[in-house]
Amino acid sequence: MSPVISGRDLSAGVTRVNITPQPAEGAFMTGYTSKPDMPAEGVHDPLYARVLVLADGSTTIALVTLDLISLNPGRLPELIRDLGVDSLLLAATHTHGGPLVLDLGEPYAENRSWPDSTPYLTWLEGRIAQAVASALSATTPVRMALGRGVADIAFNRRQLIDGEVDMVWGQNRDRSHDWGPVDPEVAVWRIDREDGTPLAVLANYACHPVVMGSGNRLFTADFPGAALDWLDSRLGGAMSFFLQGGCGDIDPYIDVQDDFTAVRNQGEELARTIESIYRSIGPNDALDLSSGLSWQERRQSFPRFGDHPGYQEVAYGVLRIGADLAFGVLPGEPFVELQLDLKRRSPVRHTLLLGYTNGYPGYFPTLRTHREGGYGASYGNTIHIQPPAGETMIDTMVETLTAPS
C-alpha cells in the first residue's frame, strides 16, 4: 500500500531518453582519459538520461540523471528556462564507460573535439531539453516516501599505513579489508501517483562506477546501469534512477577489471537491496510535502590547487522537497567523509548528498585526507581546487538547512 502523504500539492513527471553516441563505433570514450584517444568499439549496454520534473505550483525543478562521467550545464539552463522550468540539476552517475564530454584536466572544461558531422554535445543538449519537455508535459499529482537500508559493495581505496597513503585499486576483491570510511547507507525515495500506482524510485548510494577498467572499449553505464535494468523489470512500472553520492574515494569491491559479469553481479546485488527497501516502505516513511520545493544555489570562489594561480568559482546548493527531504548538491567528486558529515549535522529528517552535479571542477577531499595524501587528495590531474573547499561548502549547506524558513 502506498503511504498517505498530506500537505501542499506536488506534481511529478518522468521520462528517459537514450544518449548513447550514434554511431557508437569510433566515438571517443572518457573516464580514463581526457583526450580523443580512446575510440569505442561498440555498446555493451545503452546510456540514458532519466528526467524527473517536480512542480509545486510556483516552482518547477528538473532533475536529470545521466550515464556520463559528468556534464557541465552549457546551453541547457537557457533551453529549459524557455520551457518554463526554473532550475536544472544535471546529476551524473560518473560511469567511466561513457563518451568524451569533458576535459577532466581543467575545471568546468568541455571537450567538443567531435567531428562536425556528429557533434555529440550539441545533440545531447537537444535530447535532454526534449526529455525535460516530455516529463514536464506528463506531470501528475504525487505522494512520496523515503526508506533506508544498507548495501555492501564498496570500499575506501585509500589505505593509510604508518602515515602514508597507498591507492589500492583492484586489491580488495575478496572484501577482506577495511581501509577507511565508507557510507553503506542506501536511501530509496519512492514517488507514487495519487492513486497509489508507482511512478519513480530514486536510489542514493556512494560508489565509483569503475567495475570496468581502462581496457574497456564498449560504452556502458557500469554497475548503476545494471542495477536500474534489474529494478525496471521488477518494480511495476516505476522508473528507476541512480543518484550518485560522495564517492570520490570509494570503489566497488570488484573494480578496474575487464569482466562484465562483475558489472551485472554487483549492480544486481545493489538492486536487490533497493527493491527490499522499496517494498518495505510504509505509512511512517511518508514525506511531509507541505512546504513545497526550493533550490538554493550558492556561487563561491576558491583558490586553485597547486601551481595554478587565481580562483575558481564553484556552484553548489541545497534542494528541499517538503519538510523532510533535502539534498546537498555538489559538483565534481566529493570524498565520502563530506557526505557523512552532512548527514550527521543536518537538522532535516532525511538529508542526502548528490555529487557530480552541474559540472566538473575536480575532486573535493577533506583537509585531513589532503594532508595524508593520495590520488584526488594531494595529487592527480583532476584535483583543481584547494582544500578545504569541500568542507566549506558542507558548512554552508548545514547553515542553509538550519536557518529559519
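Guide: Helices (H or I, at least four residues) and strands (E, at least two) are DSSP runs, numbered from the N terminus. Residues are numbered from 1 along each chain as its sequence is written, and side-chain values use heavy atoms, with hydrogens and water left out. The model is predicted: local features need pLDDT of at least 70, side-chain atom pairs count only at pLDDT 80 or more, and totals for chains, interfaces and linings use all residues.

Visitor: Where is Tyr108, and why is Tyr108 called partly exposed?

Guide: Tyr108 is in the loop between strand 7 (98-99) and helix 2 (120-137). Buried means under 20% relative accessible area, exposed over 50%, and partly exposed in between (1.4 Å probe, protein chains only). The relative accessibility of Tyr108 is 22%, so Tyr108 counts as partly exposed. Although Tyr108 is not a glycine, its phi is positive, about 55 degrees.

Visitor: Why does Asp162 count as exposed?

Guide: Asp162 has 77% relative accessibility and therefore counts as exposed. Asp162 lies in the loop between strand 10 (158-161) and strand 11 (164-167). Asp162, not a glycine either, has a positive phi of about 55 degrees.

Visitor: How do you know what span is expected of helix 4?

Guide: The expected span of a helix is 1.5 Å times one less than its number of residues. Helix 4 (residues 260-280) has 21 residues, and the distance from its first C-alpha to its last is 30 Å, close to the 30 Å expected. Among its buried residues are Phe260, Val263, Leu270 and Ile274.

Visitor: What makes a set of residues a nonpolar core?

Guide: Such a core is a set of buried Ala, Val, Leu, Ile, Met, Phe, Trp, Tyr and Cys residues joined through side-chain atoms within 4.5 Å. The largest one here has 44 residues, and Ile19, Val64 and Leu66 are among those with the most contacts inside it. Helix 2 gives the largest share of this core, eight residues. A second, separate core of 36 residues includes Val201, Leu231, Phe260 and Ile281.

Visitor: Which residues does Ile19 touch?

Guide: Contact means heavy atoms within 4.5 Å. Leaving aside residues up to four places away in sequence, Ile19 touches residues including Leu47, Leu66, Tyr120 and Trp123.

Visitor: Which residues does the cis peptide bond with omega of about -5 degrees join?

Guide: That bond joins Gln22 and Pro23. Pro23 lies in the loop between strand 1 (11-18) and strand 2 (29-30).
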